[in-house]
Amino acid sequence: MPQENPGSPEGGDFAAYATAAWPRLVRTAHMLTGDFHEAEDLVQTTLAKVYARWRRIPRDDVDFYVRRSLVNNNISRVRKRRVAHLLTPFLPERVHERQAGHADTVAQRAAVTQALAALSARQRSVLVLRFWEDLSENEIAELLGCSLGTVKTHVRRGLSALRAHPVFATAQIEDRSSPVPGARS
């Protein structure tokens, strides 16, 4: 009986990785998509594609490869959806409604999700990778296959757009009316 190669797709190596990485990938995908169910679909699609190439991925680069695949699949998903919206005479209804929960947390999460949805897919990807995944700008540039300057531009413009978003603009006005003790004016 032939010995099973642990690095092959048939081995338990991929299953163990996918099981351990699933929660982290879904959280990142949720920040990219803004919808929990779409996030799960994105992660599932990404892991299916990774599984097909599992033997060829160097073990040192698995997280990098999966993260890059996740971002690329999300950008592809956004492009496909944009084309579908252009081809249909009406926008489809949102099937998935947000779950009720702790009001403040839900409101904050909804505000962030709404503000991120207003950004381009590329800006949203860069901001999620920078501030959610805590990657350096150099790592993001390598992951997205672009220059460091492009990443910095996306971060700057994305943060500027978030600050100008109506959800956060009203919060900034409220914050100014009640200054923090000891803060400089």
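At what angle do α5 and helix α7 (residues 148–164) pack, and how far apart are their axes? The angle is about 95 degrees and the axes are 9 Å apart. Axes here are lines fitted to C-alpha atoms, for helices over the stretch in contact, and angles run from 0 to 180 degrees between N-to-C directions. Helices are DSSP runs of H or I with at least four residues, numbered from the N terminus.

This is a predicted model, in which local features need pLDDT of at least 70 and side-chain atom pairs count only at pLDDT 80 or more, while totals for chains, interfaces and linings use all residues. Residues are numbered from 1 along each chain as its sequence is written, and side-chain values use heavy atoms, with hydrogens and water left out.

**Helix α5 and its partners**

α5 has twelve residues and spans 15 Å from its first C-alpha to its last, close to the 16 Å expected at 1.5 Å a residue; the expected span is 1.5 Å times one less than the number of residues. Buried residues (under 20% relative accessible area, 1.4 Å probe, protein chains only) in α5 include Ala 121, Ser 125 and Leu 129. Just after α5, Asp 134 has a positive phi of about 60 degrees.

| Helix pair | Angle | Axis distance |
|---|---|---|
| α5 and α6 | about 135 degrees | 10 Å |
| α5 and α7 | about 95 degrees | 9 Å |

α5 and α7 are therefore roughly perpendicular to each other, a term for angles of 65 to 115 degrees. Contact means heavy atoms within 4.5 Å. On the α5 side, Arg 122, Gln 123, Val 126, Leu 127 and Phe 131 take part, and they meet α7 residues including Val 151, His 154 and Leu 162. The residues of this contact of α5 with α7 divide into seven nonpolar, three polar and two charged.

Arg 122, Val 126, Leu 129 and Arg 130 in α5 touch Glu 137, Ile 140, Leu 143 and Leu 144 in α6. Here the contact residues are five nonpolar, no polar and three charged.

**Val 43 in helix α2**

Val 43 lies in helix α2 (residues 36–52). Because its relative accessibility is 1%, Val 43 counts as buried. Apart from neighbours within four places in sequence, Val 43 contacts Trp 22, Leu 25, Val 26, Ala 29 and Leu 70. Thr 28 is 15 residues from Val 43 in sequence and 9.2 Å away in space, C-alpha to C-alpha.

Note on methods: Helix = DSSP H or I, 4+ residues; strand = E, 2+ residues; numbered from the N terminus. Nonpolar A, V, L, I, M, F, W, Y, C, P; charged D, E, K, R; others polar. Buried < 20%, exposed > 50% of the residue type's maximum accessible area, 1.4 Å probe, protein only. Parallel < 35°, antiparallel > 145°, perpendicular 65-115°, else oblique.
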